Amino acid sequence: MITILETSALNTVQDLGRPGYRNLGVGTSGVMDHVALQVGNILLHNQPGDACIELQTYPFVLRFETAGSFAVTGIDADITLDGTPVLPWSVMTAAPEQMLRVGQPRAGARGYVCIAGGIDVPVVLGSRSTQLRGSFGGMDGRPLEAGDTLKTSGVTTPVAGYGAVPPTSILAAPGGQDSTVINLRAIPATDYALFTAQAHERLWHTQWRITPQSNRVGYRLSGAPLELHQRVELRSYGIVPGIVQVPPAGEPIVQLADANTAGGYPRIVTVIEADLWRLAQARIGARIRFHECTHQQGVAAMAPIEAYLDDLRMMVAHYRKSALRRTGAKPGDKA
Amino acid sequence: MHWLSLPPPAISLGQAPDAATLVSLRLWFDCRTLPPPVAWLALFQGLWILNTDITRNVGHRTDAAPTISMIGTRAMLFEAPGAFTMAHQRRIWALMEAAQARPDVQELIPGVTNLMLVFSTPPEQPGHVADWLRHAWETLPERHIKGRLFEIGVRYGGALGEDLAAVAAHAGLPPQDVISIHHGSEYTVCAIGSAPGFGYLHGLDPRIATPRKAVPSLKMLAGTVTIGGMQAGISALTGPNGWNSIGYTEICLFDPHREPPALFAIGDRIRFYPESIEL
């Protein structure tokens, strides 16, 4: 079990999401950065679908009531266990009563506190993710508050002190080396042709700023407005994360994990699935740029991510085996 | 602290690959995506149709052919041509039933005269799926669903129906007439979506159809009776909402612990009656 000692708004329990209920109006929810949760769960030898705590506001402090191995992924930040620095993207084991503190990130926006065995909240409609709009899932359908206790398995990994190279160091950014702009690949969507040539030009060449009206539902971008040839009133259609809609004012919105399942604004492009984790780690005020890509390129872009995760799975398995052999322990022994 | 050193990924589009990688990359692409020559024509046709859908102008919404487009790599949107009629919606329901049987479909999101297919993995040839959808659309009969009838009391007007005046102004009718026109129709649940349990209703009299608001209400209550363009609804959750509010009803549209969780199902019918009127 863990107790939340310090938190502010918007930190929630999330897993890989709740697919299968969009036909009832229930969005997928789930972590914004799928890569970071998968890394955490691989490092801890968890099930892929195990739940974590997604952090969006800092500092965040929790106390281990029972021993537990953990990894904080997604961000680079000052992380301490009872005051001793802990590296992000790596596995440590906490003893009962130890306090884990995650400070303001130096890089990235969303941190993932992953714990061996996962965060055990009730499964609602097939997932442990918090559905904030519907007020269910996660911790009673709401963000975490100080004083909340969450059940954990009490499992510790037989070895600790190993980590993953963060995905930003391994996966090449699509648009090159300019670190001041986040480059995202996008595929033209249904209403692309309804926009003016000037709007197309602006879409691909503007450095869009992420406005403060951005959250897990979607990012509102600011820049020169994108204009349609003429106004359209569309019938409501399904929404998936990554779709970029343009409301009448002309400034685009990228719909994300907590998006409504249906909407009615014109759709100009869709950010490819392989780049959504980069967007999840973009902060308010950051600038993003869209790069046009084809269906085939969008599909192929998932391969490096899969390869990175496969390599990590293999390396973790090798490391655990060799470390156990060195210490003379047998697999299954408690650390 | 031991860092696991990872070999660089085999394929990385962002890095300039050397000649050898380029060759293997191309081979990888070739064997993955290029169909045998016989299939070329079909693929060409499929892609051509997809492309025209993307490049066609506003006029396509009244064409006889459906619009099919990709939303990212893993979702495809099928939009029926023509007006928002129950005949079209019943054909969407038929298409939904047929698409349910496809092994590549993970999730189906029926909308208002449209259907989104979410695939478990991206289709290698979206054109083939588009052809299949087009063929199914042209050949399947309408699917009639005998839904349940809900009779729902509404408190029209007042603070919880504050856009009644705007709807009346847009319609050029007195608010009383807007109310009697609204509860004079029988509505059908065409699709559930947007928020948990929210039903898109067909049956709105065109005289009181009103475009969505330019500035959405920030905190519209769950249970607000609304009009959004040609669509009618009852808001399922409290929150921001761009539809016009004309009244309020106390009704719980969704409970995740109930089976089924949503109160309405597609095909259900709704009749409103005035519980009170405040102008």
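In chain B, strand β7 and strand β14 (residues 269-278) pair in the antiparallel sense over three bridges. Strands (E, at least two residues) and helices (H or I, at least four residues) are DSSP runs numbered from the N terminus, and two strands pair if DSSP finds at least two bridges between them. The model is a predicted one, in which local features need pLDDT of at least 70 and side-chain atom pairs count only at pLDDT 80 or more, while totals for chains, interfaces and linings use all residues. Residues are numbered from 1 along each chain as its sequence is written, and chains are lettered from A and ligands numbered from 1 in the order in which they are written.

One of the residues involved is V189(B), whose bridge partner in β8(B) is L201(B). The hairpin formed by β7(B) and β8(B) has six residues between the strands, and in this hairpin S194(B) takes a positive phi near 75 degrees. Is β7(B) (residues 186-192) largely enclosed or largely open? Six of its seven residues are buried, so the strand is largely enclosed by the rest of the structure. A residue is called buried if 20 or more other C-beta atoms lie within 10 Å of its own, exposed if 12 or fewer do, and partly exposed in between, with C-beta atoms placed from the backbone.

Chain B as a whole contains six helices and 14 strands. Of its 279 residues, 40% are buried. Two residues are in contact if their C-beta atoms, placed from the backbone, lie within 7 Å. Taking the contacts in chain B between residues at least 6 apart in sequence, 62% join residues at least 24 apart.

The domain assignment divides chain B into domain 1 (40-139) and domain 2 (149-278); such bounds come from an automatic or database assignment. Eight residues of domain 1 of chain B and nine residues of domain 2 of chain B take part in the contact between them. On the domain 1 side, α3 (86-100) and β4 (105-110) of chain B each supply at least two residues. α3(B) gives the largest share of that side, three residues. The domain 1 side consists of six nonpolar, two polar and no charged residues. Here Ala, Val, Leu, Ile, Met, Phe, Trp, Tyr, Cys and Pro count as nonpolar, Asp, Glu, Lys and Arg as charged, and the others, Gly among them, as polar.

Chain A has six helices and 22 strands. Its C-alpha atoms fill a box of roughly 70 × 40 × 35 Å along the principal axes. Buried residues make up 55% of chain A.

The domain assignment of chain A gives domain 1 (2-167) and domain 2 (181-300). Their centres, taken over C-alpha atoms, are 28 Å apart. In the contact between these domains, 18 residues of domain 1 of chain A meet 13 residues of domain 2 of chain A. The domain 1 side has six nonpolar, eight polar and four charged residues.

An open sheet of seven strands in chain A has the order β7-β6-β9-β4-β1-β12-β11, with antiparallel pairing. β7 (84-86) and β11 (119-120) of chain A stand at its edges with a single partner strand each, so one side of each has no neighbour in the sheet. Strand β6 (residues 76-81) of chain A pairs with β7(A) over three bridges, and I79(A) has V86(A) of β7(A) as its bridge partner.

Finally, the two chains meet: 67 residues of chain A are in contact with 63 residues of chain B. The largest share of the chain A side, nine residues, comes from α6(A). By class, that side has 39 nonpolar, 21 polar and seven charged residues.
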